[in-house]
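Here is a short briefing to read alongside the model in your viewer. Have a look at the fold, then work through the points below.

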Amino acid sequence: MSIPNFAKGLCDDAAVFPPGLSPLPDAVAAHLRHTASPYAELVGPLVLAAPALTELPGLVEPGNQLDLAIAAPKGPAQLPAALNAVKSLPVRLRALEVAVPDWQTPAEFFDALDAVDVDEDVAVFVEVPRDERRPEIIGTCAATRHRAKFRTGGVKAELYPDDAELAAAIRAVVDAGVPFKATAGLHHAVRNTDPATGFEQHGYLNLLLATDAAVDFADEREIAAVLAERDAREVAERVANLDRVRVAAARDRFLSFGTCSIAEPLTELVDLGLVPAEVLSGGGPE
């Protein structure tokens, strides 16, 4: 049995980022195992920050190739060197994830981004800031066919957008026709309170269902209610009941989320009965 459509390519491999902080050699080796496994369809590219590219030579065995997404946390200025570096690496560049520096206006940011020569088959995600620039940046993404990236958590409670804020962001990108990914804080399938930190964490399946609701013209209040649902059985049942057309429409908008562990979401999805246990044959991911 294969990975169901709702979960294909759902998990970008962000193993080197907090809280996982996997050493790069371990992350590369694990990613290659993931992409050769029965659950390979679940796994998106390996995400690395631009400075890490200098450490990548020699870590990929001859004959292998990494699907790679490069994060540029300091903005477009990091892209020329990163794009030059990948030319000599055994990688297939799938995406760029570019932050908007605090000091840049949207116009300045997109002028700098547009000045970089990026192949048409490389997806460009713009990390949308949580400030007054958000509407203009989403609107420009729509006009330029760039994609959006939302941060949904972090190492401090204030880095987690609440239900209303995240619902408004989802409503905005769906209205604008801008596909998006999410990253940080999505450690579980369903909305939860982290027992160690007390942080209110969004669930990645809640996010999928919230996107489905937005595509179905739900208002922000209704979307926020979906994000707030904590009943794992209820959430899993809703996901299981999405038909092929609704899955395709939701995943056309919610493309993926970054996770520092491929094993954790895979195991949760199996436990929820949404992914067949057969994909764990051979012991599953490490």
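What follows covers the sheet, a helix packed on it, and a pair of helices.

Please keep in mind that this is a predicted model. Its eight strands form a closed barrel with parallel pairing, in the order S1-S2-S3-S4-S5-S6-S7-S10. On average, neighbouring strands of this sheet are turned by 30° against each other, ignoring direction.

**The barrel and its surroundings**

- Ala 49 is found opposite Ala 71 of S3.
- Helix H3, residues 106–114, packs on the sheet, where it touches strand S4 (91–99) and strand S5 (123–127).
- The direction of H3 makes about 155° with that of S5.

**The H6 and H8 pair**

- Two packed helices are described by the angle between their axes and the distance between the axes.
- For helix H6 (residues 204–215) and helix H8 (residues 232–240), that angle is about 45° and the axes lie 10 Å apart.
- H6 is therefore oblique to H8.
- The crossing of H6 and H8 is left-handed.

**Residues in the H6 and H8 contact**

- From H6 come Leu 205, Asn 206, Leu 208 and Leu 209, which meet Val 235, Arg 238 and Val 239 of H8.
- By class, the residues in this contact of H6 with H8 are five nonpolar, one polar and one charged.

Technical notes: Residues numbered from 1 in each chain as written. Predicted model: local features only at pLDDT ≥ 70, side-chain atom pairs only at ≥ 80, totals over all residues. Heavy atoms only, no water. Pairing = 2+ DSSP bridges. Helix = DSSP H or I, 4+ residues; strand = E, 2+ residues; numbered from the N terminus. Axes fitted to C-alpha atoms, helices over the stretch in contact; angles between N-to-C directions. Contact = heavy atoms within 4.5 Å. Parallel < 35°, antiparallel > 145°, perpendicular 65-115°, else oblique. Left-handed = near helix turned anticlockwise from the far one by under 90°. Nonpolar A, V, L, I, M, F, W, Y, C, P; charged D, E, K, R; others polar.
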